[in-house]
Amino acid sequence: MAKPRVLVTRAWPAPVEAKMAEAFDVTLNRDDRPLGAAEMKAALTDYDAVLPTVTDRLPAELFDAPQLRAKILANYGVGFAHIDTDAAKSRGITVTNTPDVLSDCTADIAMTLMLMAARRAGEGERELRDGRWTGWRPTHLIGTKVSGATLGIIGFGRIGQAMAQRAHHGFGMRILVQNRSAVAPEVLARYGATQVASVEDMLPECDFVSLHCPGGAVNRHLINARRLEMMKPTAFLINTARGEVVDEAALAQALWFNTIGGAGLDVFEREPKIHPDLMGADNLVMLPHLGSATRQTREGMGFRVLQNLTEYFQGKTPQDKVA
Ligand code: 8YV
């Protein structure tokens with residue numbers, strides 16, 4: 001039997017690409033740039049499987065060709081709001097993602113941002129590299145203590161829980177949780193966490209707020225001007241989830257007028273474009289979407305895609321089927 005034709009839309013870690021080629025007829029996008037809409041549309045009629053990432057867009061109109069060859073979209077990443085799963089499903093296309101393997105590293109980056117923003121590490125490094133450091137003094141770059149503070153976690157899935165694990169057991173933080181469904185008491189107890197009824201209930205209580213919910217239309221601008229105003233003037237917002245969850249223009253205002261203490265962002269509304277008003281904000285730490293960017297995790301994500309593909313083409317339900 002001919003091997004299924006598979007399109008990998010971006011360059012992947014070499015060990016995964018090599019393993020994938022053993023079982024599949026693989027086409028690699030050697031340009032390593034996101035595919036355009038027309039190329040993606042053509043891919044759905046030319047390949048049995050397309051392996052997109054967060055930089056690909058798969059809206060409903062891409063699925064309207066009379067004949068589609070694609071049977072599975074095996075996403076490289078846990079977030080899949082860039083794929084219209086209803087449209088895929090209506091054409092009989094299975095969608096999978098890569099949970100678990102990136103939870104630790106994404107939570108590590110959220111911790112990194114929280115510590116860097118609170119302890120003014122980015123500002124300090126810029127000062128030092130610019131040759132502006134004049135030496136130790138008692139009032140220099142005074143930050144905010146993280147240990148023992150209150151952390152609000154919005155979205156208590158795998159990554160939210162990995163964040164709670166670090167913050168509670170490593171830093172003695174008090175954890176408040178906001179989640180769309182009720183979290184089992186034994187899960188909350190693992191992190192000494194309390195679930196609150198609404199985002200509004202949580203925000204005024206927190207010294208730090210970390211976002212771990214999905215992106216897409218449902219959570220667009222969940223953090224907006226009104227909710228930023230509910231945060232303490234000393235509190236920090238951390239986003240490693242999706243850019244669209246935060247209204248960046250409103251966040252820039254809050255940072256410039258110091259109505260919150262600061263923020264740490266790994267994701268942005270229009271990646272790789274950064275809102276111009278964020279650029280000069282000193283009380284902000286920004287990273288270029290590094291959540292899962294470790295060798296171990298990016299390989300783990302690739303092997304998880306491979307496993308989903310293999311299961312699908314063996315006639316099984318892939319373990320990470322989301323639609
Ligand atoms: C990935 C992520 O690197 O998995 C996700 O949802 O945000 C990142 O960590 C990226 O999305 C790959 O598609």
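I began with the ligand and listed the residues around it: Thr53, Val54, Tyr76, Gly77, Val78, Gly79, Leu102, Thr106, Gly291 and Ser292. I took a residue as near if its C-beta atom, placed from the backbone, lies within 6 Å of the molecule. This is a predicted model, where local features need pLDDT of at least 70 and side-chain atom pairs count only at pLDDT 80 or more, while totals for chains, interfaces and linings use all residues. Residues are numbered from 1 along each chain as its sequence is written.

Next I sorted the shell by type and got 4 nonpolar, 6 polar and no charged residues. Here Ala, Val, Leu, Ile, Met, Phe, Trp, Tyr, Cys and Pro count as nonpolar, Asp, Glu, Lys and Arg as charged, and the others, Gly among them, as polar.

Then I turned to strand β6, residues 150-154. Strands are DSSP runs of E with at least two residues, helices runs of H or I with at least four, numbered from the N terminus. I found 4 of the 5 β6 residues buried, meaning 20 or more other C-beta atoms within 10 Å of their own, with C-beta atoms placed from the backbone.

Which strands does β6 pair with? I found β7 (residues 174-178), parallel over 5 bridges, with Arg174 as the partner of Thr150. From β6 the chain reaches β7 through helix α6 (residues 158-171) in a right-handed β-α-β crossover, that is, clockwise from first strand over helix to second with the strands pointing away from the viewer. I also found β9 (residues 208-211), parallel to β6 over 4 bridges, where Ser210 partners Ile153. Pairing needs at least two DSSP bridges between the strands.

Conventions
A residue is buried if 20 or more other C-beta atoms lie within 10 Å of its own, exposed if 12 or fewer, and partly exposed in between; C-beta atoms are placed from the backbone.
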